[in-house]
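Subject: Model for you, with notes

Hello,

The model we discussed is below. My notes follow it. Please read them with the structure open.

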Amino acid sequence: MEQVVANGLYLGAQYALIALGLTLIFALMNVLNFAHGQMYVLGGFVTYELYGQMHLPFVVALAASAVTLAVLGGLIERFLFRTVIRRSKREESTMLLAAGVAYFLDALILLLFGEKQRGVPKIVSGVWVSDNLIMPYDRILVGFLAVLFIAAFILMMRYTKPGRAMRALAQDRVAAQLMGVPVEFYSLVGFALGALLAGLVGGLLVAITGVNAGIGGPISIKAFMMVMIGGAGVISGAIAGGFILGMLESVGLSVLHSYGDVTYLVIFAALMAFLSVRPNGLMGKPWG
Amino acid sequence: MSTSARLATLVIFVFAVFVAVPVLIGLTHRTDFYYTLSSVALLAIASGGVWLTFYIGRINIGQGAYALMGGYVSAILVVRYGVSFWITLPLAGAFCAAASVLIGLPILRLRGVYFAMVTLVLTEVVRLLALALPITNGAKGMVSLPPPGPISLFGLTLVPSFDTFAERNEAFYYLSVAVMCVCFAALYRLVHSRVGRLFVALQQNEELASSMGLNVPALRVLAYSISSFFGGIGGAIFAAIAQSVYPSSFTVADSVNFMLNCFLGGLGFVFGPMLGTLVLYFGWDLLFQAGQYQLLIYSGVMIALMLVLPNGLLSIRPLNFRKRVRPLIWRRS
Amino acid sequence: MARTTLPFRTALFGFASAAAIALNSGPADAANKTLNVGFVGVTSGPAAAWGTSNVRSMQTLAAWLNEKGGVKIGEDDYKINVVTFDDQKDPKRAIAGMEKMAQEGIHYVVGPNVDDGAAAVRPVAEKSGIIYFPYAFPKELYTKPASNAILGMVANYQSAPAIYKYLKEKRGVKTVAFVAANESDPLSQRDGGVAAAKALGLTVVADRDTYENDTRDFTPVLTPIVKLKPDLLVLSGVAPANAPLLIRSARELGYQGLISTETAQDAKVLEEGAGDLANGFISVGGASTPEIRSKTMEEFIDRYTKMFNEYNDESNTKVYALEYIVDTLKANPKAIDNVEEYKKTIDTFSAPNLYLKGENVLRYVGMTSFGQKRQIAVPLVVNEYKDGKFQTLFVADVD
Amino acid sequence: MQPLLNLANVELFYDHIYALKGVSVELMQGETVALIGANGAGKSSILRAISGLRKIRSGQIHFDGRRIDGLSPEAIVGLGIAMVPEGRRVFPYMSVHDNLLMGAFSRKDSAGVRASLDMVLARFPRLKERYRQAAGTMSGGEQQMLVIGRALMAKPKLLLLDEPSLGVAPKIVQDIARSIVSINRDDKVSVFAGRAEFADGLARLSPRLRIDHGLGGAIRRLGRPRQGLSRPASLSGRRYLKARRPHAHSRHQS
Amino acid sequence: MAPILTVSGITKQYGGLVAVNDVSFDVAEGEILSVIGPNGAGKSTLFKLIASFVRPTRGEVRFKGERISGLAPHIVARKGVVRTFQETTIFKGLTVRDSVIVAHHLRSHAGLLGFYLGTKAAREDEAEFGRSADEILEFLGLRAVADEIASNLPQGSLRALGVAIGLAANPKILLLDEPFAGMNHDETRRAVEMTRAVRDRGVTLLLVEHDMAAVMRISDRIVVLNFGAKIAEGTATEIQSNERVIEAYLGVEDETIGV
């Protein structure tokens, strides 16, 4: 049982970190970023190249992933989303753009990094073993870092000026503008930050699960689900959603192990039922 | 626009689809286009359904679920119960419509991205069900489906068995575009009747609509079930063309594509999904010689289109029409 | 509104068709003697690895043959041109791809890579006179009345019994657990594997555990299985991307037994993804394990690496399809545009297998499994991974 | 003396509809100006034009000697114009504290911000009671206090108020009126209000008050209110009863 | 005369928060009754409860003796209890005339299928709706803007449109949400006259409003809410001299600021 809970927590931490970036972008711009998973993959490949191939320190590679994606995210916001949002009659149009960007990044990643699954040397080796629990040190470290990043992100949003500005922007764009918040700049910053989080988690997880070009789409969908569970556009919701999905998977796979084929069917059906009862997720805003 | 002009357009369209295209294909011997265009027609039908859910203000990423369901219903009836394909076609649609009533009643209370995500999950649920249920033959799929047989009425053969066609895909082409024409005509009539106005009222403001006595949940479910009916029909014909249906025949990617077709064509236009499907599906095929750069170019063009025409392809129109022709409303209330 | 819509659509439609015709009506001209061979499979998206290794091995071989001046079939020298179509792992697109091949006058196509795609293109291929080489296992494709599909590799229902038998006898395996992705191909392979294991008298302790294909962390999936302590853990139909992750999770959870799969893997991927933990992993390979590969195979690997920067061990099994097509056509030049001739040749065809050391022949097999020769005789090479390389455990033949 | 704010011939369109047709207004340092006028007369449009939320088509707006039309809203806030938008737009999921800090977003002097914070909390003690509460959970009156306090956090020279009394109870209208009067008087902040029911109350206090009667997007009348004429039928029911003579004041105004 | 609407002991709780607490009152047929109270006193929730947009925690609403609490809102509307919204709640993209025509739904004789197929009954309905819509628009002075897109209307006309939409549903009792907010005195006067005219059409009116001048002038009776509970009920005169109301809502007049 301890093992199942530990698995769930570890999974939850990484899921929550993935969901955070997505929910941030959604909250700020009402854009459902289909390309989030692809950004994650790109982050993974940057770390793979720098740490796995060029043997730079892992921390450096991780930082490089974050920065690369932040820059890319900023460019995408500035030159694509901003234009389309301004000119489109409906904000849903950005979904087509986001899908286009997702496909484009998919194609680009495949051309640049090839079709193979890539991995890097372990960042720390060894396994922590007790009677009921087995946990490799690198997973402990990555889980710890994920929680650390989540905490840093929350603190940043809560107690710094840019964090407050972004929260204000998410809650009332016009009012934020009247407070003197340069909304276009902070939209860009928010998008870049969302992309940065994707890159960061991609770089972090390459140490455990490696990375391959095609995994972006499925990751995006999984991230959407976490965001929905918690409530779209709410930071605490994304974190809760991540941990809940992680726990559901861990517990579900364990409990339903003898009915293996239906584990995910049960999880998904439960998710649909849950959302039917709570149409805005756990802590969602009514306008979702 | 006058009735005669509308009629003329209709005649031109029907002529183009049923005469000009086959003649062109005959002249150029590009018989592979029969399949491509059949696909476009069938996917356009399913996309048309998605468009209708957009019309009541719901982002639907679950049409793949109904297309898959339709394919399976038709295949199961044909293989296990020996029912004629032609009978299974409306039954597949009806089954999907019925299923969508049960599914829609709870989930249509959701809005915005929540509805979108639940429908996306629905696609996955149906795929997993197809894998898990015994009647669907699970992972092995339903294969070796017989091609559609003849339709006879009082001993008179109206449609010969598809086996007898030299160019089977030509027969499927006529079937697909005929069904597409019927579906879009029905959709057009729906949108331009009072029922369509009621749907717009829903799209714009459900609370206000219910305060004036509209049975909002029932109308939502009605639109959703018509939408799913379209999905089921499209899926059933696809199963017949491929003579097989697998849990992966329609996936999340298809659901997303149906939605993108609507966006690309333009949500304000009944025929938007038709055009969107044509461009997106055909575009991929046209780019096949680009080899490994296919996806890169495809997505690049998609992004460019979005930048130039963020409101859909049909939003370009001659200036003098702009005033008189108002796109069917789509604004957030 | 229809007034502007419809003519616009029609116009665009006409334009698109015209463009398509202009684009596509170039090649296939018999005068310059090009032999077009098609590929319909997945080269983008999550499953891109399967098709990519496939298409690249074809392109490598074609370039090599062309460099040597092409191949002489009958009286003429032919350059080989590989026409590729990415079906995005979508059966609907696979049909479109096969139609396209038919339109181009191509009679020999490699692919598709998955069960549903192969089943979907079957009507087109059978009708249009295309011989295709799917990497998919459903028997319906290869048994009568179907006659145009030729299995391009060893099916898992053929390899699994051999592997399990070997492991039972040589490694003392008594209990087996299966885990598979929740998708058609892996589940079918799992069911085949379970049947094979039971037939051998092995105890199957887990046969229902599945994972979603987007899983990146397999620890939760494997936790309950590892607890059962099976002697052998079979990763049914595992994608090369997932194999190292599964191995790593199992080992880190303290699993001590053997791990095997019936799909081909890439040593580099295993090394990067699981490192030492992958040692002892048993998989099926083609011809490139160092012990048995010939000079020709080594050159093939060299050329492949030069062309695409990196070799993929999965390509080992996939080098053969094009080789078979070319050699069969050489044996019966009339088959170049007549697949009936090709089918006639199948029963008697035999050519030297240059990729393996020693005396080996290329021939068509499959009588036992399909009742007709609709499979190429790829040697069943079972490897064990060790420190970044595959070592041959044993080699077997399929008939 | 140079006016603090000067609008000259300002024209503004929504889509293709005229919202402002050549409006000219000026406001001196320390003044309170109230705009009254019918729905759609352009009161909000004038305020939005000043705050930069809407770009004007032609004309000029000067503030404190600088031309500000064409500047972004955030730049205009930085110059010392704070706007309280229509409909109490608090940041609902942020605490009172964070809402107030947002008001000081464009300020760099952290000591000054702390002083402003103390000043605002002193002025609205209720906000202090609710300091850590999410703004969205407060009552309408409290939210109204918060948005005014938030605007004061920018240490503005000019406070713009758009429909400050719309949809609030009479008692709260009084509270708002009192605070605006004292903001104007004690903090030396000029006030430009769109449609304030308490305008005539302000008149008695501020000798420099004018009422600009905007109609149809153009200023029809400019000047001090005559006692009793501009006076909207008072919001207090009690007063209404006293002056039982039916309303119809504003009609006779022009 | 028996009351047309009876609210008895109605209570609504959201989690721990009591939005409406044990409120009871009657509405007589043909009456204009106003509900006033500070922001957050529970007026909107009370409206939602009456129109059955939310279910009461306790208590019930009866319309003509029949319990309507718990029924779906469209059923309640069908019975004749119709709610209007503030001006932001309209069909933004429809024209004024179309909005009103759509709102005639309750008067249709043809079914949806009939409308789809364009049967005789449906055509007659459509013609009748058009006539009726024109009449309502004329009545409310919206004739001139009938073909405007609703979102382009000025606020005052939007309110009138809200009432027009409400009237189209053929109500017995119409619930008006702040019909005079943001209006100047001229507009308020016209709106008050309009409201009276609506009552003269035989529609009972229940309204929530802050504009005391208008409320005092128009209401037959007034109900005052504070913190979800009813603190007073009576005629305008009674309410204005009620100390609890003055303390909670009206406030003591302050000569220095004039209100």
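Buried area here is the accessible area (1.4 Å probe) that two parts lose on being put together, summed over both. Between chain A and chain B that area is about 4200 Å², and carbon and sulfur atoms give 77% of it. On the chain A side, Arg90(A), Leu96(A) and Met272(A) lose the most area to chain B, together 18% of what that side buries.

Ground rules. This is a predicted model: local features need pLDDT of at least 70, side-chain atom pairs count only at pLDDT 80 or more, and totals for chains, interfaces and linings use all residues. Residues are numbered from 1 along each chain as its sequence is written, chains are lettered from A and ligands numbered from 1 in the order written, and side-chain values use heavy atoms, with hydrogens and water left out.

The A–B interface. Contact (heavy atoms within 4.5 Å) takes 49 residues from chain A and 42 residues from chain B. Helices are DSSP runs (H or I, at least four residues), as are strands (E, at least two), and both are numbered from the N terminus. Helix 3 (58–87), helix 4 (94–113), helix 9 (216–230) and helix 11 (263–277) of chain A each give two or more residues to the side that touches chain B. Helix 4 of chain A gives the most, with 12 residues.

Other chain pairs. Six pairs of chains touch, and chains B and C have the most contacts among them. Chain B and chain D do not touch; their nearest C-alpha atoms are 13 Å apart. Chains C and D do not touch either, with nearest C-alpha atoms 23 Å apart.

Backbone points to check. Most residues other than glycine have a negative phi, and most peptide bonds are trans. In chain C, a cis peptide bond joins Gly111(C) and Pro112(C), with omega about -10 degrees. Pro112(C) lies in the loop between strand 4 (108–110) and helix 4 (115–128) of chain C. Another cis peptide bond joins Lys144(C) and Pro145(C), with omega about 10 degrees. Pro145(C) lies in the loop between strand 5 (131–133) and helix 5 (156–171) of chain C. In chain D, Lys188(D) is not a glycine, yet its phi is positive, near 55 degrees. Lys188(D) lies in the loop between helix 7 (170–186) and strand 8 (190–194) of chain D.

Best wishes
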